[in-house]
Amino acid sequence: MFRRYKTGFSLALLILVLIGVMFIPVKALTILNGGQKVYALYLKEQSFSIQWTHSVEKEDWIEYFNIRDDVLYLESTKFKTFGAGVPSQSEHPAVLKDGWVHMDVQREIGEALVVRSHQLNDYQLAFGSHTYDLKPSDEAYTITVSKAPLHFILFTHLKRIVR
């Protein structure tokens with residue numbers, strides 16, 4: 001009698017184990033929009049960048065961040081032109097390279113970075129070799145390091161593949 005149900009029992013057990021594994025919390029770079037998880041990125045990288053188009057200058061701006069002990073640090077920034085809202089002085093010298101103004105910043109942000117995305121700015125987050133859109137929203141995006149279920153990290157990758 002047991003032999004007849006052995007395959008079904010084994011399959012059910014395997015399914016239960018797989019479902020259990022999918023809910024294991026894993027350390028991730030988590031991006032929330034108005035409290036809703038938008039992306040959860042497995043923390044194999046310890047750095048990311050955010051790129052957008054400056055609303056007045058209409059030029060790209062990129063900020064580079066590092067993650068150390070779950071704390072976010074702004075390491076550097078680069079932009080094309082000086083103009084409205086662009087710092088004219090820094091404790092670190094600005095360097096012109098490849099048509100970009102590079103500035104080392106070295107500033108602790110803390111456990112969360114809050115970003116407001118507008119349709120004029122085309123915000124994107126780059127992590128590893130992939131880019132993730134931060135679509136225009138009335139709600140702010142919050143970027144943190146936190147635990148996320150493995151299934152949500154996999155879902156983030158599937159969304160990127162399908163888009």
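This is a predicted model: local features need pLDDT of at least 70, side-chain atom pairs count only at pLDDT 80 or more; totals for chains, interfaces and linings use all residues.
## Overall make-up

The protein contains 2 helices and 11 strands. Along the sequence these elements follow the order α-β-β-β-β-β-β-β-β-β-β-β-α.

Of the 163 residues in the protein, 35% are buried. Among contacts with a separation of 6 or more, 59% are between residues 24 or more positions apart. The exposed surface comes to about 10300 Å², and carbon and sulfur atoms supply 57% of that area.

## Salt bridges

Side chains of opposite charge can pair when their charged atoms come close. Searching the whole structure gives 3 salt bridges.

One of them joins Asp-70 to Lys-27, with 2.9 Å between the closest N and O atoms. This pair links distant parts of the chain, the two residues being 43 residues apart. Asp-70 lies in the loop between β4 (60–68) and β5 (71–79), while Lys-27 belongs to strand β1 (residues 25–33). Asp-70 is partly exposed, at a relative accessible area of 31%. Lys-27 is also partly exposed, at 39%.

Another salt bridge is formed by Arg-68 and Glu-75, whose closest N and O atoms are 3.0 Å apart. Arg-68 is partly exposed, with a relative accessible area of 39%, whereas Glu-75 is buried, at 13%. A further salt bridge connects Asp-133 and Lys-135, and here the closest N and O atoms are 4.0 Å apart. Asp-133 counts as partly exposed at 24% relative accessibility; Lys-135 counts as exposed at 52%.

## A buried glutamate without a partner

Glu-63 is located in strand β4. This residue is buried, yet Glu-63 has no salt bridge. The nearest side chain of opposite charge is that of Arg-107, 7.1 Å away.

Which residues surround Glu-63, leaving aside its neighbours within four places in sequence? Glu-63 is in contact with Phe-48, Ser-49, Ile-50 and Trp-52, and also with Leu-74, Ser-76 and Thr-77.

## Helix α2

Helix α2 spans residues 150–162 and has 13 residues. From its first C-alpha to its last, α2 reaches 19 Å, close to the 18 Å expected at 1.5 Å a residue.

The buried residues of α2 are Phe-152, Ile-153, Thr-156 and Arg-160. Viewed down the helix axis, these buried residues fall within an arc of 105°, so they line one face of α2. An α-helix has 3.6 residues a turn, so residues three or four places apart point the same way.

Notes
Residues are numbered from 1 along each chain as its sequence is written. Side-chain values use heavy atoms; hydrogens and water are left out. Helices (H or I, at least four residues) and strands (E, at least two) are DSSP runs, numbered from the N terminus. Buried means under 20% relative accessible area, exposed over 50%, partly exposed in between (1.4 Å probe, protein chains only). Lys and Arg count as positive and Asp and Glu as negative; His and the chain ends are not counted. Contact means heavy atoms within 4.5 Å. The expected span of a helix is 1.5 Å times one less than its number of residues. The arc is that of the directions from the helix axis to the C-beta atoms. Accessible areas come from the Shrake-Rupley method with a 1.4 Å probe; for residues, only the protein chains shown count as cover.
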